[in-house]
Amino acid sequence: MQPELSRVIDQVSKEKSIDKSIVISAVENAMLSAAKKVISPEIRVEAKYNSDLGEVELFKILTVAEHVTNPEIEISVEDARTNLDPEANVGDELLEKLDQRYGRIAAQAAKQHLIQRLRDAERDLIYNEFKDRKGELTHAGIVQRFEKKNIIVNLGRTDAILPEKEQIPRERYRQGDRIRAYILDVEMSSKGPQIILSRTHPGFLMKLFEQEVPEIYEGIVEVKGAAREPGGRAKIAVVSNDPDVDPVGACVGMKGTRVQSVVQELRGEKIDIVHWTPDPAEFVCRSLAPAKVSKIIMDEDEHAMEVIVSEDQLSLAIGKKGQNVRLASRLSGWKLDVRSEAEAEEEARRARAALNAITNIGDVTAELLYQYGFKSPEEVVAAGEATLAEIDGIGPEKAPVVLKTVQAYLEEQQRRAEAERAAEAERAAAEAAAKREADQTPAAGEEHS
């Protein structure tokens, strides 16, 4: 706390980008806190920054009293009017400047406190700046150092961390490299604000397209979602709010320049751009491109779809190690089960055979059950009467009869299975007994050996 304190305050405020009033408040509080440690606890003290003198002045708060009993906290009316305020009255509180000696002692003790207060103010400022930037891209990040497999990125005023799990596989950086990343989270810890970056989050892909495609930035084209397997493949769904603008074409760009810029940033990650549609079945068909879908069976209750493709499209639909169908599932939000037409036909044959085998149910009812989605008698019983009543051709009147018939068939099947198991057990027991008897009977010629 030298005479050049004003210059120091200005410098700190400018370098740390902290409001000057915050720095002055920190200086005053530091002096006040330090003064209380060297002055009698009875004395009430106040600190005020004097910009003209360039120093923090310490004042003792005195109460004007008719009869002074404690000169440390009280002052007589006469002394108050003579030395401090000509209009002082009993009960008024007046400020009396403390001896400079106290100011010097307090200033030494205040240094560390001041540093801490400024550090706290800087942390709060950085946190408040970045907490509203979650979901944005960093542009001026520079690789600072490496901690284990995490990358510490300098963002100018503070450092951020790019954890190993948020890095694209096989991506390598050196100290000093520029790096773009997605601000995944901002947390306030005991060590100050911690900024978590990501290069694997789907939001990173979406923000890169927003940068490269003016139509997205302007709101003409809207990104509806994205799914990624970082470093391998990604899918992004887009739709146009202008019928004259092709959303896929806008994202691809002239000769693929726009999408290639994103691919290059993602180290060669292949990107499928899907034209979004509100029809979930149609959207799933588009999401599974380049494969062509023959048929889709939806189960809205389970939020699942059975996707049927021709034999030559099966490997395309599934993709390498199941990647294509996994990404399509994440992008659409539906659970997908891809199978070939031949496999679907075989399953349909087995399902029809299982339902037609139910005695006393009739071929028409069996077909109605199959068309509704049932594949076995067990599924019919598990569904219950209320579900059967919803089926056109069965309805509330026939539902109890159908359910009872199927239950009776399953019970009969169970009895037969138990009878067969019992008969098998008897045969096995008989064979075991015969074997034991044969083992105990001596062979011919061995009796008198």
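Visitor: Does Thr-138 count as buried or exposed?
Guide: Buried means under 20% relative accessible area, exposed over 50%, and partly exposed in between (1.4 Å probe, protein chains only). Thr-138 has a relative accessibility of 3%, so Thr-138 counts as buried. A word on the model before going on. This is a predicted model, in which local features need pLDDT of at least 70 and side-chain atom pairs count only at pLDDT 80 or more, while totals for chains, interfaces and linings use all residues. Residues are numbered from 1 along each chain as its sequence is written, and side-chain values use heavy atoms, with hydrogens and water left out.

Visitor: Where is Thr-138, and with which residues is Thr-138 in contact?
Guide: Helices (H or I, at least four residues) and strands (E, at least two) are DSSP runs, numbered from the N terminus. Thr-138 belongs to strand β5, residues 137–147. Contact means heavy atoms within 4.5 Å. With neighbours within four places in sequence set aside, Thr-138 is in contact with Leu-155, Ile-179, Arg-180, Ala-181, Ile-183 and Leu-197.

Visitor: How many salt bridges does a search of the whole structure find?
Guide: Side chains of opposite charge can pair when their charged atoms come close. A salt bridge is a side-chain nitrogen of Lys or Arg within 4 Å of a carboxyl oxygen of Asp or Glu. Searching the whole structure gives 30 salt bridges. One of them joins the side chains of Glu-136 and Arg-133, at 3.2 Å from N to O. Glu-136 is partly exposed at 32% relative accessibility, and Arg-133 is partly exposed at 22%.

Visitor: How far apart are Arg-350 and Glu-346 in helix α12?
Guide: The two are 4 residues apart in helix α12 (residues 341–356), so about one helical turn separates them. Arg-350 and Glu-346 form a salt bridge, with 3.3 Å between the closest N and O atoms. Both ends are partly exposed: Arg-350 has 46% relative accessibility and Glu-346 has 31%.

Visitor: Which residue forms a salt bridge with Glu-347?
Guide: The partner is Lys-375, and the closest N and O atoms are 2.7 Å apart. This pair connects distant parts of the chain, 28 residues apart: Glu-347 is in helix α12, and Lys-375 is in the loop between α13 (363–372) and α14 (377–383). Glu-347 is buried, at 18% relative accessible area, whereas Lys-375 is partly exposed, at 32%.

Visitor: Which residues gather in a patch of negative charge on the surface?
Guide: Patches are made of residues with over 30% relative accessible area and no salt bridge; like charges are joined within 9 Å, and nonpolar side chains (Val, Leu, Ile, Met, Phe, Trp, Tyr) within 5 Å. Lys and Arg count as positive, Asp and Glu as negative, and His and the chain ends are not counted. The negative patch here holds Asp-299, Glu-300, Asp-301, Glu-302 and Glu-390. Glu-302 sits in the loop between β13 (295–299) and β14 (304–309) and is exposed, at 57% relative accessible area.

Visitor: What is the phi of His-303?
Guide: His-303 has a positive phi near 50 degrees, in a residue other than glycine. The loop between β13 and β14 holds His-303, which is partly exposed at 36% relative accessibility. Lys-148, also not a glycine, has a positive phi of about 55 degrees. Lys-148 lies in the loop between β5 and β6 (150–154) and counts as exposed at 86% relative accessibility.

Visitor: Which peptide bond is cis?
Guide: The bond from Ala-289 to Pro-290 is cis, with omega near 15 degrees. Pro-290 is in the loop between α9 and β13.

Notes: Accessible areas come from the Shrake-Rupley method with a 1.4 Å probe; for residues, only the protein chains shown count as cover. The place of a charge is taken as NZ of Lys, CZ of Arg, CG of Asp or CD of Glu.
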